[in-house]
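Below is a briefing on one interface and one of the chains that form it. The structure comes first, then the notes.

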Amino acid sequence: MPVSILKQRHYLIASVQSALTDTEVLELRDALLAELAKHRSRGIIIDVAALDVIDSFVSRSLTTVARTGTLRGARTVIVGIQPEVAVAMSHFGLGLEAVDTALDLEAGIELLDR
Amino acid sequence: MSEEIRVTVAADADTVVARQKGRELALRLGFTRTDATFIATAISEIGRNIWTHAGEGEIVLCGLSEDGREGIIVIARDKGPGIADVDAVMRDQLSSDKGLGMGLWGARKLMDEVTIVSERGKGTTVTMKKWRGFAFDEVRQLLGEGGAEQRAPRLGLRIDVSNVAEALEQLEDTPRR
Amino acid sequence: MEEQDGRAGPAVAQGPDIDAELLRELVAHLRHHRTRLREEWARRITDAQLLSVMTAGEIFSEVTAVYDNYVDALETGSIEALEAYARSLSERIIPRGVETHEVLGVVLLLRDVLARSLFEKYVEDSDLLNRVLDAYEPAANRIAVTVGVSFVQERERVIRQQQLAIRELSTPVLKVREQLLILPIIGALDTARARQLTEQLLRGIRDNRAKVVVIDITGVPAIDVEVANHLVQAVRASRLMGAHVIISGLSAEIAQTLVNLRVDLSMMQSVGDLQGGIEEGERQLSYAVTRIDGVGAEGEG
């Protein structure tokens, strides 16, 4: 899976390295939820700057992580959505309403620290 | 028709290949990065429909030139079970939990034209087109309908109005070089 | 392609009905009266107040060149030279603000001037006159269209260039302070412009690391469903990049109308005017900076 998941303080930080297949998206989702249970993290940051497409499937999977995270007391922030990807998503009606968003990793950590 | 790119789709990784090739072709054809992202996203959606519902199929990508407009055409074909009610999946983004409806509904939002031909037991073909934005439309607007006709009397020209209209008509019909 | 009336197709006069002998006679006539007809044409152009940005001298020298090319095109049936001249002429006059209707008017005037002179010459013999006009008119129309098309194509090229330049030069995304941008939209908002503004806004958000954006729509003349949906998409896309959008200048009445038309305004925070928008933006930012206990989510809605 082209994703690295790091634990930093009480946050989980997942950095996507390249385009993901649907299978890899599900692996990421499951891995994050497993790590969350193990470390009782208070926040999850998923850096999607490397994704040049975020379609309905990816969007749904990210929302699932966020919803499940909320039930376990963790807040999820998606960071690094590229401008053209944001335009395509908003056109498509994929607003990731259930998820927090931030410009990049730094802004994401700042948001969680507040 | 320009170069034609074919991608066999039998698994999720093939969809990734198809959308990458779609993006590359769109950029080569002069689409903006945002438009190329729209096209790649639409391919991702319909590509998923192929391997989840039909098991196997193909995606064909090609440049398009029609009526003086330029664009891209994406054809997704499979020999799967087909769609019972095409209108319903196009109309309703939530018509299928498996994402079929979302895929087609979304593709329609992202592309300019989407048509689906589907027959139970025979398979489905989804054809999507997107046109490249063009300044010609603005010039057309500038000329306006009957714009010159209205101006001619004001200028005191002795112009046969039907000929101006005809000239304009021909102007608009003239293929661009 | 089979030509029926000589008005379409690659050449001026090749249809079977065109009388080659007559056309030669016609061309000779136009060459012979070149000086008088040229002057007549130039005078009619000035009378009609066409090409008003050009001096009389300029008009006369262009008129001469176009006249000669015009007659050559009638004679040879080839429009290439005329087309090339029309292009270079367009290139020269477009930057000076000459309009499409002026160019069409000028060519149609020439057609008229020449037709009148043919009328005078052949007025005694109406049968011959009809045949001459039958030979002349389709060719003249074709020439008018050629010049018009050359002008429009050149103009289109210029417009495209200007659009690029405007996009690059204009910076409607303004930074008020750290992390706070304003985007004042002035003028009508169509799909293409909305797309371009959204993309510009998103780049602005990224480049300035903005957290709050005020989009001021006081200067947008009409807010209909389409415009509102563009705004909703801009707000949604901005949020995906981590920035909160405040809309200023949307009146309560219009907001109510949009809601009635089922535009989803739920994620739009709206304030009365730009000043109020900036104050609200500042408030949100200082709130975000000073809050240290992490209680509650940031105020959206």
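In this predicted model, 25 residues of chain A are in contact with 20 residues of chain C (contact: heavy atoms within 4.5 Å). The two chains bury about 2100 Å² between them, with 54% of it on carbon and sulfur atoms; buried area is the accessible area (1.4 Å probe) that two parts lose on being put together, summed over both.

- The rule finds four salt bridges across the interface of chain A and chain C (a side-chain nitrogen of Lys or Arg within 4 Å of a carboxyl oxygen of Asp or Glu).
- One salt bridge joins R209(C) and D104(A), whose closest N and O atoms are 2.5 Å apart.

**The chain A side**
- On chain A, α3 (83-92), β5 (100-102) and α4 (105-113) each supply at least two residues of the side that touches chain C; helices (H or I, at least four residues) and strands (E, at least two) are DSSP runs, numbered from the N terminus.
- α3(A) gives the most to this side, with six residues.

**Chain C**
- Chain C has ten helices and five strands.
- Of its 301 residues, 52% count as buried (under 20% relative accessible area, 1.4 Å probe, protein chains only).
- Among contacts in chain C between residues at least 6 apart in sequence, 75% join residues at least 24 apart.

**Conventions**
- Residues are numbered from 1 along each chain as its sequence is written, and chains are lettered from A in the order in which they are written.
- Local features need pLDDT of at least 70, side-chain atom pairs count only at pLDDT 80 or more, and totals for chains, interfaces and linings use all residues, while side-chain values use heavy atoms, leaving out hydrogens and water.

Key: Buried means under 20% relative accessible area, exposed over 50%, partly exposed in between (1.4 Å probe, protein chains only).
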